[in-house]
Structure formats: structure tokens, C-alpha cells
Amino acid sequence: MELLLSLTILLGFLPSAQTQSAQVDLTVAKDGTGNFTTIGEAISAAPSFSRRGYRIRIRAGKYTENIEIEAMKTNLIFIGDGMDHTIISGNRSHKGGYETYNTSTVGIRGPGFIAQGITFENSAGPQMDQAVALRSDAEKIAFFRCRFIGYQDTLYTKYGVQFFRDCEIFGTVDFIFGDATVIFQNCAIFARKPLPWQSNTITAEGRDSADRTTGIVIHNCSITAAPDLRQHLNEFKTYLGRPWKLFSRTVIMQTFIDELIDPQGWLTWEGQPLGNPYYAEYANTGVGAKTNSRVKWSRVINSNREAASFTVRNFIHGETWIPSTGIPFFLDLL
């Protein structure tokens, strides 16, 4: 990631301090020095249908809460003290009696949401099946320097136009999944050690119609093994993803892919027809980026024009809304 961030600086996109320097509206602090001691209380106190960014500062601490940001809570901004210091943690899981949608530690349905400097965690553990750390289910929401920690189904990008920049995502099975129109840029993606009978699948995209403009795009990121998996690479297989629905779409481009990825690259979803997925790679590097043994239904993009259709400019029209977030980004291919 140091290389990626250095490249960002060379290109002139320095992180903006907009979300940090602006005056906050509410402060959450576990020690009682803020307006509230829980994040849930601050959300309840925030106005509904806000037309401006409503800033909630969340000071360092581990907040054990399950949070739902309703659709009427628009334009909320969470500002943490850094992903190592501000942690929101829950442990709901499918085996614990919850539907996958409701296992999320944090669920977001309010459009215009922004988070910076926060870790979102589901601590249920690998044996508890689906356990979502964050469910993002809204339009034009963005995350900057955030961390998402879980095992199966860590990050549910369910719906809407979304942007993740300089984030870290940890998981095992289908740990980035959903049917949003989403780009991960300059992010570090870490596969963890799964259960003995499992394989890792990084993505599971859910596009169910050729008419939908949705998909997962991973651009200028790194895909590597987390420390717990690194010592057991010969024991487990890790794939870039598998198609959840008939028209699933995932594109990985200009990304470093380490040796953990199986040469086949992608996996079919056992027990359901393959359909017509669009699974593509473009100009990736690293041992795991070799495409000569990829499954026949995936593709290698050789055209800059085709690859450009999955950039911030063209895929999520980022120039129209990301500048107002204060989050750095690049519009086009590198």
C-alpha cells in the first residue's frame, strides 16, 4: 500500500482534510466528554433529511453496538480518530439466528453517508457463517481510510453508487458481496484463514439482469494474504470471486495480486447455473495476476477503452459527487 499511496501523491491527489477540519455537530466519547457515549444516541439526535453534511465525531474507543442508519438520516458524516483507534464492533451472525441482512454491525440506508478513520467489525468468528461487519445500502456513500473486519460476508455492498478509498477489507468466504455500483480504489484486500473445509472467495457480485449498471470494480488495490493465512497458503485455495447471480459483474484492474490466488482465478457457484457473468482482469501485476490458466468464462481486457468504462469517471460518475466529500480520488486509468 505504501507504493499505491506514493503513486497517489505523485499524481497530485493529496488527502483532503475537509471532513476532519470542518466543525463537528455532535461528539461521541466513551469517557463522557462528548455529547453522547454511544453512536446510536448520536444518530437518533441527528436531524432527519439533512441537506448538508451532518458531522458526528467518534472519538477513540471500542463501541460495541449494532447500528442502523435509516433512510431519513441523510448526509451523515462519521469522523473517527483512525481505524486503529475508533472501532465499532458487533457479533450478530446467521448461526446466531439472524438473516444475513440483519447481521450487520452497521447498516446504512441513508444516502450521502461518509465515514473516515473507523474500523467496522463483526467478531462472530468463522464458525458462525454469514456475519456482516458493514452493510451499505444507499446512494452516493463513501468510505475513506476505514477498515472492515470479518470472515464470511464481511462487507455487503448491497445497493447504490458507492466509493471506497484507502480502506482495508479482511475476510474469507464472499467477503465483498452485493449488487451496488461500487469502486474500491487504493484499497488493501486481505484473505484470512478459513475453516478447514472452506475456500476463500474474495467477491460475490449479485447482478441479476443484463440491463443493470451494477458491479464490483477493484482498481489500483492490493490482494494479499492476511498473516493468519500466509503461513498456510498450501492448505487453502483462494479465488478472486464467484458469480452469485446470472449476470454477475466483477472487474479487477491495475491491481497487485499476490501468490495466494489459485491459477484458475475464479470459481463457479456450486449448485446453480453459471449464466452469463462478466468477470474480467486488466493490467494487473504480481504472481497471482497470471491469466494463462484462468477459467474459460472469465476474460482478460486488452483494450484501454473497455477498461476505461470501469473507472471512477465512467462507472460511478465520481466527478459529479466525490469532490464534495473531501476524499481523494483519481478519475481515470493510471
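1. Contact is taken here to mean heavy atoms within 4.5 Å. The note concerns a predicted model, in which local features need pLDDT of at least 70 and side-chain atom pairs count only at pLDDT 80 or more, whereas totals for chains, interfaces and linings use all residues. Residues are numbered from 1 along each chain as its sequence is written, and side-chain values use heavy atoms, with hydrogens and water left out.

2. I would begin with Asp174, where UniProt, in an unreviewed entry, places the feature "active site"; UniProt positions follow the numbering used here, feature names are shortened, and annotations may be inferred rather than shown by experiment. Asp174 is found in strand β16, residues 173-178, where strands (E, at least two residues) and helices (H or I, at least four) are DSSP runs numbered from the N terminus. With a relative accessible area of 4%, Asp174 is buried, on a scale where buried means under 20%, exposed over 50% and partly exposed in between (1.4 Å probe, protein chains only). Setting aside residues up to four places away in sequence, Asp174 touches Asp153, Thr201, Ile202, Thr203, Ala204, Arg242 and Trp269.

3. A charge is counted as sitting over a ring if NZ of Lys or CZ of Arg is within 6 Å of the ring centre and within 35 degrees of the ring normal. Elsewhere, Arg135 lies over the face of Tyr101, at 3.7 Å from the ring centre.

4. Lys237 lies in the loop between α4 (227-230) and β22 (238-241) and is partly exposed, with a relative accessible area of 43%. Not counting residues up to four places away in sequence, Lys237 touches Ser199, Asn200 and Asp262.

5. Which strands make up the open sheet of 11 strands? The order is β1-β2-β5-β8-β11-β14-β17-β20-β23-β25-β26, with parallel pairing, two strands being paired if DSSP finds at least two bridges between them. β1 (26-28) and β26 (299-300) stand at the edges with a single partner strand each, so one side of each has no neighbour in the sheet. In β1 we find Thr27, which is buried with a relative accessible area of 11% and which, leaving aside neighbours within four places in sequence, is in contact with Gly34, Asn35, Phe36, Arg57 and Arg59.

6. An open sheet of 8 strands, again with parallel pairing, runs in the order β3-β6-β9-β12-β15-β18-β21-β24; its edge strands, β3 (61-64) and β24, each pair on one side only. Strand β21 (residues 222-225) pairs in the parallel sense with β18 (residues 188-191) over 4 bridges and with β24 (residues 256-257) over 2 bridges. Phe190 has Thr224 as its bridge partner in β21, while Ile223 stands opposite Ile189 and, towards β24, opposite Ile257. In a regular strand the side chains alternate between the two faces of the sheet. In β21, accordingly, Ser222 and Thr224 point one way and Ile223 and Ala225 the other, and all are buried.

7. On aromatic residues, the structure holds 15 aromatic pairs, counted for rings of Phe, Tyr and Trp (its six-membered ring) whose centres lie within 6.5 Å, with planes under 30 degrees apart called stacked, over 60 edge-to-face and the rest tilted. The rings of Phe310 and Phe315, with centres 5.7 Å apart and planes at 55 degrees, therefore form a tilted pair, and both residues are buried. Ring pairs also link Phe78, Phe113, Phe120, Phe143, Phe148, Phe164 and Phe184 into a cluster.

8. How many disulfides does a search of the whole structure find? It finds 0, a disulfide being a pair of cysteine sulfur atoms within 2.5 Å. For Cys167, the nearest cysteine sulfur is that of Cys187, 4.7 Å away, and for Cys187 it is that of Cys221, 4.6 Å away. Cys167 is buried with a relative accessible area of 1%, and Cys187 is buried with 0%.
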